[in-house]
Amino acid sequence: MEETTRLIKQAHDGDPEAREQLVLKNVGLVWSIVRRFAGRGHELEDLYQIGCIGLIKAIDKFNLEFDVKFSTYAVPMITGEIKRFLRDDGMIKVSRSLKELGIRVSSVREQMTWELGREPGLDELANRVGASREEVAASIEASTEVESIDKNVGNGEDQNLRLLDKLPDQREEQEQLLNRMVLGQILNLLEEKDREIIVRRYFENQTQSQIAADLHISQVQVSRLEKKILRKMREYLNP
């Protein structure tokens, strides 16, 4: 740990060799995370390069005053960088012409529904807009709003509930294990009181009112603290 601390100090002072040594010392850590993302349509070597970017960010942003090991801080940074790459690289890309056709199809469908008193079929829409049924079908799908899994769908005391929280978890067991590991690492970075609130809210399913009563503060204060803590946790993953 003393060696790691020394190298981090030197890296923060602008020493490129110290930074390189830190990367080399943590190659095994990066690969251990990268292997859990195998089978996603990308070469592991490419994901390793992305993971190293997360590692370098962890080196540059690590606060030596943290009462945690560097690896504890680095794991969520590396994981977050790889997940961002997989998410952004997999975004649906729709051509401008297809988007424009989708707008026309939507307008014509509305008009034909009013004229016919029913939803028009693909062939009817295709004839009206002068396109093939395949193009019309593709334009309809492309113009359908894709919901973000991070969309907030909560209300009342569950204002921070995301769409992801309501979906059945169909991920592979390895990714579930990785998510738990990353969450555990992030929780270790929190102060004891902040960690208690998150554990009670999201692991013990306690309401903000229950926590407020035990901590002798208001429910509004718990809500504000919870938002602040979640924002801090997101910053650890998305520096």
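Buried here means under 20% relative accessible area, exposed over 50%, and partly exposed in between (1.4 Å probe, protein chains only). This is a predicted model, where local features need pLDDT of at least 70, side-chain atom pairs count only at pLDDT 80 or more, and totals for chains, interfaces and linings use all residues. Residues are numbered from 1 along each chain as its sequence is written, and side-chain values use heavy atoms, with hydrogens and water left out.

**View A. The buried side of α3.** Helices (H or I, at least four residues) are DSSP runs, numbered from the N terminus. In α3 the buried residues are V30, I33 and V34. They sit on the same side of α3, because they cover an arc of only 100° around the axis (the arc is that of the directions from the helix axis to the C-beta atoms).

**View B. The largest nonpolar core.** A nonpolar core is a set of buried Ala, Val, Leu, Ile, Met, Phe, Trp, Tyr and Cys residues joined through side-chain atoms within 4.5 Å. The largest one has 28 residues, and V30, L55, I59, F70, I78 and I82 have the most contacts inside it. At least two residues come from each of α1 (2-12), α2 (16-25), α3 (27-34), α4 (44-61) and α5 (70-89). The top giver is α5, with eight residues.

**View C. Around I59.** Contact means heavy atoms within 4.5 Å. Setting aside neighbours within four places in sequence, I59 touches I8, A11, H12, R19, L22, V23 and F70. Apart from this core lies another, of 11 residues, with I186, L190, I198 and I229 among them.

**View D. α11 against α12.** Helix α11 (residues 192-202) packs on α12 at an angle of about 140°, their axes 10 Å apart. Axes are lines fitted to C-alpha atoms, for helices over the stretch in contact, and angles run from 0 to 180 degrees between N-to-C directions. On the α11 side the contact uses E196, I197, R200 and R201, and on the α12 side Q208, Q210, I211, D214 and L215.

**View E. A212 in α12.** A212 belongs to helix α12 (residues 208-215) and counts as buried, at 5% relative accessibility. Leaving out neighbours within four places in sequence, its contacts are I217, S218, Q219 and V222. From A212 to I197 it's 15 residues in sequence and 9.7 Å in space, C-alpha to C-alpha.

**View F. H216 in the loop.** H216 is found in the loop between α12 and α13 (219-237). Most residues other than glycine have a negative phi. H216, though not a glycine, has a positive phi of about 60°. H216 counts as exposed, at 72% relative accessibility.
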